[in-house]
Amino acid sequence: MWEYTDKVKELYKNPKNVGEIPDADVVVEVGSIVCGDALTLYLKLDNGKIVDAKFKTFGCGSAIASSSALTEMIKGKTVEEAAKITNKDIVEFLGGLPDQKMHCSVMGQEALEKAIKKIKGQSVEDEHEDEGAIVCQCFGVSENLIRRVINENNLTTVEEVTNYTKAGGACGSCIPKIEDIIKEELNKVKEKQDAEVAAKPMSNLKRMQLVEETIQNVIRPVLLRDGGDIELIDIDGKKVYVALRGHCANCVISDVTMKNLVQEKLHEYVEHDIQVIEVK
Amino acid sequence: MESNVIYLDNNATTMVAPEVLQAMMPFFMERYGNPSSMHDFGGDVARDVENARHSVAQMLGADYDYEIVFTSGATESDNMAILGTLQYYRDKKHIITTKVEHPAVLNLCRQLEREGYSVTYVPVDREGNLDLDFLFDSVTQDTAIVSVMYANNETGVIFPVEEIGAFCKKRGIPFHVDAVQAIGKIPVDVNKIQCDLLAISGHKFHAPKGIGVLYVRRGTRMRPLLYGGHQEKARRPGTHNVPGIIGIGKAAELVMQHLANKDEVERIKRLRDKLEDGLLSQFANAHRNGNRDRRVDNTSNIGFEFIEGEAILLYLNEKGIAASSGSACSSGSLEPSHVLRAMGVPFTSAHGSIRFSLSRYTTEEEIDYTLNIMPEVVNQLLEISPYWDSKNKKGKLIGELAR
């Protein structure tokens, strides 16, 4: 049994805006009966504003609730405002969804996005080209959708991607490809963070704090385990003066300790060009 | 005592029979001794354990009580049967089973494939009947065991285990039967089947959860899964689950009484048919999954086209009716039931399949109520479905539906 929120239960029991709009300005379909869920969205527009929205959904309780939520959220909004709605907003509106049901909210977002493209006159024929290659053949999930959902929801595992998009949930042959995509997206995020860090020089105060924290929380515990210890003597710019204590002080491999442990950790946690100097 | 829910999910689990609970009660606080102990306080309990074993042996038509090994349930029994046999016949690396087995067998076989075994999964036809010739043709010199379920949990379809048993006996191949869904519903006789091993689970026939049995024919060669004490002749060590064993013994007695009562057996079948025929005649979008005649009497699996199974279950749940579904959504996986897919049931109705499973406690009022509620549920969901033309009251044929 799924743990559905009261809001989800309310909306699948008594969904709002069920039906068709006979003179709808836009009608879009996403999903398919083969995949197990499908949504048809009807929009009525007036002067750039969504004045009515209705839906028909084939799917489980959370698919019905997500569809209903979507129509409630976009009614009365301008097309521009509606375009900003993501699957996260739908999940929030519902007070949460079980992990394995996240794809229901993504289906809502997909329908909305497709509708907005149509409104803006982008031809739907171009859509497949536009959406990039299909990664998951079983559920027809495109690379672009996977990338976007990874970024918008900070996903890091294949399981999460499957929960959000269904990709990889059937035959599993696309799982290696999904792994690659996740790796690429995570690298992009990391590169971006690194670039931000590199662009902003670290203040002396910040550096001193980080050095102290790293020695205290990362380096000392390792040395203490072997009966050794370390003392921070001074920090001068990027030069860090330390003294080894206990067993380490007389240890024949103290140079190795310095290089492999102390310097490496400070490079990792503080800055890559920290210089460690041992005070005997 | 009984809850208000209309419980039509008895293939998932059953209520503990009042007589069973009553029989078990003294073994918690009064007679809690260990049957392996030397003192009378424990030793006397051993007699009750042996009586329970005798009841189970009788129910299965076993020649000897010691052919009954108590386990924690059918998952353990199935694993013990297959792994225990493979451990003994170490040079044989081929297993034959079916595409529609319970995960207890199917996932074990998948794991064994990773470990280097080859597994033949025998297919079924559109009605869920086993391709017997395929099975017979699959046997090789390397075949270590044939494992086939007696009745399918989703459709209730009964497999010809007696023919398979006769074949295996002739070829000298160990034959294991997963009889979890047959027990209590049809007579199960290990000598008619001529199987070497047979698994059952207590909670499917009104005993509690956590107790099962593996029938092991005298002379069957196998190794234990667990090592420990001498219990169950060291075939399944571990202190006896005494209350569970007493419970399954009592439940076995009740099964024998029940199956001897033709009127009662007929009553369940009549109620199942009333429900099924009622649904099929009411809804043009409903189809039966599985062979109509060759199946256990308590199970009905209906596929509703154009609507989704989990949604049906949630709506039924609101009305106090408990059933289950082979839909993708309800299982947490993304694909519909492996049984329905093996049968080639189109996705259009596989996603909307509902299994109703009755028990001897099901009443006519409950079936009537369900039949009354279903139109409301189905029609409400059809109204929501994009594949339903509500004006013309028929399904919309969309390209994919042809698949």
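Three strands of chain A make up an open sheet, ordered β1-β2-β3, with antiparallel pairing. Keep in mind that this is a predicted model. On the sheet sits helix α2 of chain A, and we'll also take a look at Asn17(A), a loop residue between α1 and β1 of chain A.

**The sheet**
- At the edges you'll find β1 (26-32) and β3 (49-58) of chain A, each of them pairing on one side only.
- On average, neighbouring strands here are turned by 15 degrees against each other, ignoring direction.
- If you want one pair to look up, take Ala38(A), whose bridge partner in β3(A) is Phe58(A).

**The helix on the sheet**
- Helix α2 of chain A covers residues 61-74 and packs on the sheet, where β2 and β3 of chain A are the strands touched.
- The direction of α2 makes about 175 degrees with that of β3(A).

**Asn17(A)**
- Asn17(A) lies in the loop that links α1 (6-13) to β1 of chain A.
- Its relative accessibility is 13%, so Asn17(A) counts as buried, the cut-off being under 20%.
- Leaving aside residues up to four places away in sequence, Asn17(A) touches Ala53(A), Lys54(A), Phe55(A), Ser68(A), Thr71(A), Glu72(A) and Lys75(A).
- As for Glu213(A), the C-alpha to C-alpha distance from Asn17(A) is 56 Å, with the two residues 196 apart in sequence.

Notes: Residues are numbered from 1 along each chain as its sequence is written. Chains are lettered from A and ligands numbered from 1 in the order in which they are written. This is a predicted model: local features need pLDDT of at least 70, side-chain atom pairs count only at pLDDT 80 or more; totals for chains, interfaces and linings use all residues. Side-chain values use heavy atoms; hydrogens and water are left out. Two strands pair if DSSP finds at least two bridges between them. Helices (H or I, at least four residues) and strands (E, at least two) are DSSP runs, numbered from the N terminus. Axes are lines fitted to C-alpha atoms, for helices over the stretch in contact, and angles run from 0 to 180 degrees between N-to-C directions. Contact means heavy atoms within 4.5 Å. Buried means under 20% relative accessible area, exposed over 50%, partly exposed in between (1.4 Å probe, protein chains only).
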